[in-house]
Amino acid sequence: MSGAGVPVIRRSGQQGLALQDRRTDPKSFIALGISGLGSSILPIAAMLFAFRDEPIGIGIVLLFALPFVAAAFALAYLRWWKTTYRVGENDIRVESGIVSRAARSVPYERIQDVSLEQALIPRLLGLVEVRFETGAGGKDELKLAYLSEAEGERLRELVRDRREVSVAVEDGTPAAEVDDRVLFAMPPRRVLTFGLFEFSLAVVAVLAGAAQQLDFLLPFDLWDLDAWQERLAGPGAWLAGLGPSAQVLGAIIAIGSLLAIGFATGLVRTVLREWGFILTRNAKGLRRRRGLLTRTDVVMPVHRVQAVKIGTGMLRWRFGWQSLKLVSLAQDAGDASHVVAPFAKRHEIEPIIAETGFALPEDRVSWHSTSKAYAFHRALVWLVVTFLLGAGIEAALLLAPDVESSVVLWLPLIIPALGVLAALREWWNWRFRRYALTHQQLFHCHSRLAPHTDIANRAKLQSVEIAQGPLARRGGYATLYLGLAGGTLNLPGLPLADARTLRSELLDSMTRHDFSTLI
Amino acid sequence: MDEAGLANRNEVATADHGELSRLHPDHIKVLRIAGVLWALPFVIGSGVLETALPGPPGLIVGIVLVVAAILILRVPFRRYQARGYAIGEDRLRVVRGVLFRSDTIVPFGRVQHIDVDQGPLERMYGLATLTLHTAGSHNASVPLPGLDHADALAMRETLRAHIRRDTM
């Protein structure tokens, strides 16, 4: 059990078990050092740039920067030296910390999955970060940075084997051997198409705001239409004489460039995240690899999947694109559930769902609709709130002394208009929202313009809550909140009697299984 | 479904919708004292405002006192009336909320761990809060306050007997 290139620590004081204590890969201090420097590289670069014409200045900067660089690497080296891990009989233990030591142990049964992540620099050095997902979430997860690729892979196989043994013993049936086969992959063309739909409105908003706040940084005034006209007048002086139409042209150029930036941001982010996306099925579960610079490699054990969610966006649905997420206790890069098909057609999603042991609703499933009063109340709330808000702003504008333009006075009308649209959407969604219960599963379909389908395993739910606000009591409906390990699932607007029946049915199937056999 | 199963089902149905056990009446007192402690800074603050601002004497203090009186005398009683629980054969039902009603059922088989907590006020009256923790993101913890401390401990033992020993 000696991994290549991993030093084994021998302590004279302890015998036996201490032999199993290992350090992470020696090269990891380089990667840790560079990432430790990460935040200070920019100021150093900025100072070098500022002194670019003065050799003495550059010398001084380097003199000051050198201790920081040295400290970062010394710290990284200490961290590497002080971090040890042990692969025990029942658990994985990691001891770390330079000043205050922390020892953490995670039993194999509690490890939801083991994910490997390679950021750019570790990847160049052939290192991986190994994370043991327990469902504790975020920074509480046990992780080892960094191990050699071979050691990471070995550790993952080992953890899986240990865990599968205990699971198989429990179930009484050994896990069937299945070959690695591709379930879903995204060729570059698909990734690029996906990127186009990931238009980043947030970036556009931030940029538009920043352009107003930080325009002093630009060599020209972005919002000065006269200057735009002058610039445009360079090659074609005729524009200057056009007056208002040139102003419109300037506005179009400004909006167009913001849109282009929004599209480019979405495209770049998507390509970075999804490049080389491949989902395979192996003996242990579904394995997903993706990423251009930071490559991640995650395995989701199929029996730990609590629910599946099919989603889409308003625009991409017009082209038939959907996404598939698996809900489990493990977290996926900040996201609560694992995306196993971010951008796929229906016929590609169906086999993946079948592989997870879930099933799509059949034709003969009997659907139940939700309460009409719920949709009515929601629409009413939208209308009342937006009308009050619009009226309030309108009153403020009328009272303000220096507002005379009629255009400005008409502007607040946009708010109630949006309210009417939202109310209409509630109405539309009511006719579409429905749920169904089969022997195994609970289905919930909602949102008409971008249809979502949630499928939960009845037996794997944790708790059921019926909640009613004042309006809901008046309308005789309730929201059913289902406790789902690692995710949320709620059915709003059920008629109260239906909610009670549904809860009884769900509890019947829940009480038949104990928690320890489910997760 | 056989007869025994049907009988069992009916029993379960009553556990889901039937009569609820009330919390200990001293729970109202705990809520009232908590209300007094909560309202005190506001009453003092309104007194200070009263002396600092011109206007009819006693207006601000009067309004604050009326609101505080409702919060201390009426609301705790309503909250107590709205709360209840039922222990079934394999599940616990917790009901709470005056304006926003919530009715939660947790099967014993889904309980991760159990807390029995006593705040200083609860300790004065020998009460306790039983909290069930589940693995779900929603209802990750379901608190049941205002139980007699001995009852809470007994409930914890009942629950623990139902939770299967894990494979550790």
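The model is predicted, so local features need pLDDT of at least 70 and side-chain atom pairs pLDDT 80 or more, while totals for chains, interfaces and linings use all residues. Residues are numbered from 1 along each chain as its sequence is written, chains are lettered from A in the order written, and side-chain values use heavy atoms, leaving out hydrogens and water.

Chain A holds 15 helices and 21 strands, taken as DSSP runs (H or I, at least four residues, for helices; E, at least two, for strands). Of its 519 residues, 43% are buried, meaning under 20% relative accessible area with a 1.4 Å probe, protein chains only.

Next comes the nonpolar core, a set of buried Ala, Val, Leu, Ile, Met, Phe, Trp, Tyr and Cys residues joined through side-chain atoms within 4.5 Å. The largest one has 32 residues, and A:Phe184 is among those touching the most other members. Strand β14 of chain A gives the largest share, 4 residues. A second, separate core of 21 residues includes A:Leu442 and B:Ile105.

In chain B, B:Glu50 sits in helix α2 (residues 26-52). A polar atom of the B:Glu50 side chain does lie 3.2 Å from the backbone nitrogen of B:Ile60.

Definitions and conventions: Polar contact = N/O pair within 3.5 Å; in protein donor to acceptor, adjacent residues only side chain to side chain. Buried < 20%, exposed > 50% of the residue type's maximum accessible area, 1.4 Å probe, protein only.
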